[in-house]
Amino acid sequence: GAADKKWDDVWCLVTDSINGVRQDTIWRMTLKELTEKTSEPMALYIVMDYSGSIGDERADKIQDAVRALVENNREKDAYGLIRFDDRVVHDCRYTVDKSRLLQKLKMKGMGSYGYGTAINDAVLEAINNMRRINEFRRKAIVVFSDGEDNASVKNQDTVIYEARLHRIP
């Protein structure tokens, strides 16, 4: 209810900060309340780094975070899963099927992964799949990684160009 007219004189500015350090002050704004009923469905591709530097413990933490996200998702949102080291593996094409997604997240540790880091190739794989999704207007890619690319065929400029071209944040 914070977007109701009765609260207009309470909200006067927004401060943008990173780690507590003020970056910018926004004086002119419009406050809009979004709820499950009013927000659009979203397609989200989750790209998970399983390169050697991640290790079993952090791989498990990434999977636990993604599992929590999937378990708490709205039924109308769709997710796709991609894992990568020096190769890109498309674990699950986008779906709203929670049980299918959770089934794909059953791996413990890194399994047969653990080599180089092909972030660019993995994100480009997500972009290429997202651009074929027509049922969702809102789309995004989330990348979990700890490293720098050392194994991709594609470069970062290509990935950024494709993401902008297809309006995928």
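Mentor: Gladly! Keep in mind that this is a predicted model. Let's begin with Tyr-94, which has a relative accessible area of 26%.

Trainee: Why is Tyr-94 called partly exposed?

Mentor: Buried needs a value under 20% and exposed one over 50%. The 26% of Tyr-94 falls in between, so the residue is partly exposed.

Trainee: And what makes Phe-136 count as buried?

Mentor: Its relative accessibility is 11%. That is under the 20% limit, so Phe-136 is buried.

Trainee: How many aromatic pairs are there?

Mentor: The count is two. Tyr-94 and Phe-136 make a pair whose ring centres are 6.3 Å apart, with the planes at 90°.

Trainee: How do you know that the rings of Tyr-94 and Phe-136 pair, and why is the pair called edge-to-face?

Mentor: Take the distance, then the angle. Centres must lie within 6.5 Å, and 6.3 Å meets that, so the rings pair.

Trainee: What does the pair of Tyr-94 and Phe-136 tie together?

Mentor: Tyr-94 belongs to strand E5 (residues 88–95), while Phe-136 is in the loop between helix H3 (119–130) and strand E6 (138–144). The pair therefore links parts that are 42 residues apart in sequence.

Trainee: What makes you say that the charged end of Arg-83 sits over the ring of Tyr-50?

Mentor: The charged end of Arg-83 is 4.9 Å from the centre of that ring, and the distance limit is 6 Å. Arg-87 likewise lies over the face of Tyr-113, at 4.5 Å from the ring centre.

Trainee: Next, Ser-51. Is Ser-51 buried or exposed?

Mentor: Ser-51 has 1% relative accessibility, under the 20% limit, so it counts as buried. You will find Ser-51 in the loop between strand E3 (42–49) and helix H1 (55–71). Leaving aside neighbours within four places in sequence, its contacts include Phe-84, Met-110 and Asp-146.

Trainee: What about Asp-60, buried or exposed?

Mentor: Asp-60, in helix H1, has 18% relative accessibility, which is under 20%, so it counts as buried. Its side chain reaches the backbone nitrogen of Gly-109 at 2.6 Å. Not counting residues up to four places away in sequence, Asp-60 touches Lys-108 and Gly-109.

Trainee: And what makes Arg-28 exposed?

Mentor: Its value is 78%, over the 50% limit, so Arg-28 counts as exposed. Arg-28 is in the loop between strand E2 (21–26) and E3.

Trainee: How do you know that strand E1 (residues 14–18) and E2 pair?

Mentor: Pairing needs at least two bridges; E1 and E2 have five, in the antiparallel sense, so they pair. Thr-15 stands opposite Thr-25 in E2. E1 and E2 form a hairpin with two residues between them, and Asn-19 in the turn has a positive phi of about 50°.

Trainee: Finally, why is H3 called largely enclosed?

Mentor: Ten of its twelve residues are buried, so the rest of the structure largely encloses H3. Among the buried ones are Ile-119, Leu-124 and Met-130. The buried residues of H3 pack against E3, strand E4 (78–84), E5, E6 and helix H4 (156–165).

Methods:
Residues are numbered from 1 along each chain as its sequence is written. This is a predicted model: local features need pLDDT of at least 70, side-chain atom pairs count only at pLDDT 80 or more; totals for chains, interfaces and linings use all residues. Side-chain values use heavy atoms; hydrogens and water are left out. Rings of Phe, Tyr and Trp (its six-membered ring) pair if their centres lie within 6.5 Å; planes under 30 degrees apart count as stacked, over 60 as edge-to-face and the rest as tilted. Helices (H or I, at least four residues) and strands (E, at least two) are DSSP runs, numbered from the N terminus. Buried means under 20% relative accessible area, exposed over 50%, partly exposed in between (1.4 Å probe, protein chains only). A charge sits over a ring if NZ of Lys or CZ of Arg is within 6 Å of the ring centre and within 35 degrees of the ring normal. Contact means heavy atoms within 4.5 Å. A polar contact is a pair of N or O atoms within 3.5 Å; within protein, one must be able to donate a hydrogen and the other to accept it, and residues adjacent in sequence count only if both atoms are side-chain atoms.
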